[in-house]
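Let's walk through this fold together, one piece at a time. Have the chain open in your viewer as you read.

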Amino acid sequence: MASSSSLPIQWPEGAPTFNYQGGCHCKKIRFQFEHPEIYSMPALSCNCSMCASRGYIFVYTPQDKFKLTQGSEDEISQYTFASHIVQHRFCPTCGTAIGVLVPSYGYVGINARTVDGIDLERLQKNLTKVNGRELTLSTTEDGGELKPSVSWGNTGRQ
Ligand SMILES: [Zn+2]
């Protein structure tokens, strides 16, 4: 089951959560998600080819704590590559990369750049940087111990 303990960046035990909202540029896709106070935790930045091209800065939430408030799952375009574990999701109309869905691990990575009212400068003061370019990944299918690298799923394990 999805829980905050399976997230690439775990939530502090018992941390209160808040509702955050965000969406794409044209507002076709809007979402809300639960997360501890967003500046109280590190966001994740990775230098792999995909993350660099998207400009992702990730915050994570369990899949069941992420809900669309406008648009439907069917309306979101997605792109996968390599192991196809990670669904890179974007608006088909305006192209905004809203983040990733990783169904096999039950979490969503939200591109923090798409969160309403986000102070990116403040968020970027507390980044966990992942050297995705040089990672060789071993993904665990059993939902065991997850490291940040697992979320990238770009090892070419086909
Ligand atoms: Zn859009």
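K27 lies in the loop between β1 and β2; strands here are DSSP runs of E with at least two residues, numbered from the N terminus. This is a predicted model, in which local features need pLDDT of at least 70, side-chain atom pairs count only at pLDDT 80 or more, and totals for chains, interfaces and linings use all residues. Residues are numbered from 1 along each chain as its sequence is written.

The phi of K27 is near 70°, a positive value in a residue other than glycine. K27 is partly exposed, because 13 other C-beta atoms lie within 10 Å; a residue counts as buried with 20 or more such neighbours, as exposed with 12 or fewer, and as partly exposed in between, with C-beta atoms placed from the backbone.

Now look at the strands that flank this loop. β1 and β2 (residues 30-36) pair in the antiparallel sense over seven bridges, and pairing requires that DSSP finds at least two bridges between two strands. G23 stands opposite R30 in β2.

Both strands belong to an open sheet of three strands, ordered β1-β2-β5 with antiparallel pairing. β1 (17-23) and β5 (66-70) each have a single partner strand, so one side of each edge strand is left without a neighbour in the sheet.

Further along, A82 sits in the loop between β6 (77-79) and β7 (87-90). A82 has a positive phi of about 50° although it is not a glycine. With 15 other C-beta atoms within 10 Å, A82 is partly exposed.

Terms used:
Helix = DSSP H or I, 4+ residues; strand = E, 2+ residues; numbered from the N terminus.
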